[in-house]
Amino acid sequence: MEHKDFEALVKALCEKASLPEALDMLKVCEDEAVAEAANALTGQFALAEIEGENRVYHVFTEENDQGEEQEFVEHVMNVGDDVIVFIAWFFFTQFDIKNRDTYAAAGRTYKQPKRS
């Protein structure tokens, strides 16, 4: 995908109100790799209330060193966060595109989360 196409896609995704809407748009993307990655993620998100926050998690299984399926959970974003958080997560996890590059394509500034 050319940079201008990536930028146009990210800007269009930023107009969506939620992760499900953005994911649906990614599923029908003209770029086959993007659409395949989005379709592969379908049904892999879960909501959980942790420390008073409604959080969205990516739940997936991978084979461990013993050849057994093991479930993993990764925090993606909180409910109510700007959809750019999901968009940046998607392009980083699926295509190794840095968060700051996705934010830049959207015309926004990426702020590194503070370490606790």
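Mentor: One term before we start: two strands count as paired if DSSP finds at least two bridges between them. And keep in mind that this is a predicted model.

Trainee: Okay. In what order do the strands of the sheet come, and is the pairing parallel or antiparallel?
Mentor: The order is E1-E2-E3 in an open sheet of three strands, with antiparallel pairing.

Trainee: Which strands stand at the edges?
Mentor: E1, residues 45-50, and E3 do. Each has a single partner strand, so one side of each has no neighbour in the sheet.

Trainee: How much are neighbouring strands turned against each other?
Mentor: By 40° on average, if you ignore direction.

Trainee: And what packs on the sheet?
Mentor: Helix H4 does, touching E1, E2 and E3. The direction of H4 makes about 140° with that of E3.

Trainee: Back to the pairing. How many bridges are there between E1 and E2?
Mentor: Six, with E2 covering residues 53-63. Phe-45 has His-58 in E2 as its bridge partner, and Glu-49 is partnered by Asn-54 in E2.

Trainee: What about E2 and E3, how many bridges join them?
Mentor: Nine, and that pair runs antiparallel. Glu-62 has Gln-70 in E3 as its bridge partner.

Trainee: How many residues sit between the strands in the hairpin of E1 and E2?
Mentor: Two. Glu-51 takes a positive phi near 50° in that hairpin. The hairpin of E2 and E3 has five residues between the strands, and there Gly-67 in the turn has a positive phi of about 80°.

Trainee: Is Glu-51 buried or exposed?
Mentor: Exposed, at 73% relative accessibility; the cut-off for that is over 50%. Asp-96 is another one to check: its phi is near 55°, positive in a residue other than glycine. You'll find Asp-96 in the loop between H4 and H5, and at 65% relative accessibility it counts as exposed.

Trainee: Let's go inside. Which residues touch the most other members of the largest nonpolar core?
Mentor: Val-10, Leu-26, Phe-86, Ile-87, Phe-90 and Phe-91, out of 28 residues in that core. The elements giving two or more residues to it are helices H1 (3-14), H2 (19-27), H3 (32-41), H4 (84-95) and H5 (99-105), plus strand E3 (69-78).

Trainee: Which element gives the most to this core?
Mentor: H4, with seven residues.

Trainee: Can you zoom in on Ile-87? What does it touch?
Mentor: Leaving out residues up to four places away in sequence, Ile-87 touches Val-10, Leu-13, Cys-14 and Thr-102.

Conventions:
Residues numbered from 1 in each chain as written. Predicted model: local features only at pLDDT ≥ 70, side-chain atom pairs only at ≥ 80, totals over all residues. Heavy atoms only, no water. Core = buried A, V, L, I, M, F, W, Y, C linked by side-chain atoms within 4.5 Å. Buried < 20%, exposed > 50% of the residue type's maximum accessible area, 1.4 Å probe, protein only. Helix = DSSP H or I, 4+ residues; strand = E, 2+ residues; numbered from the N terminus. Contact = heavy atoms within 4.5 Å. Axes fitted to C-alpha atoms, helices over the stretch in contact; angles between N-to-C directions.
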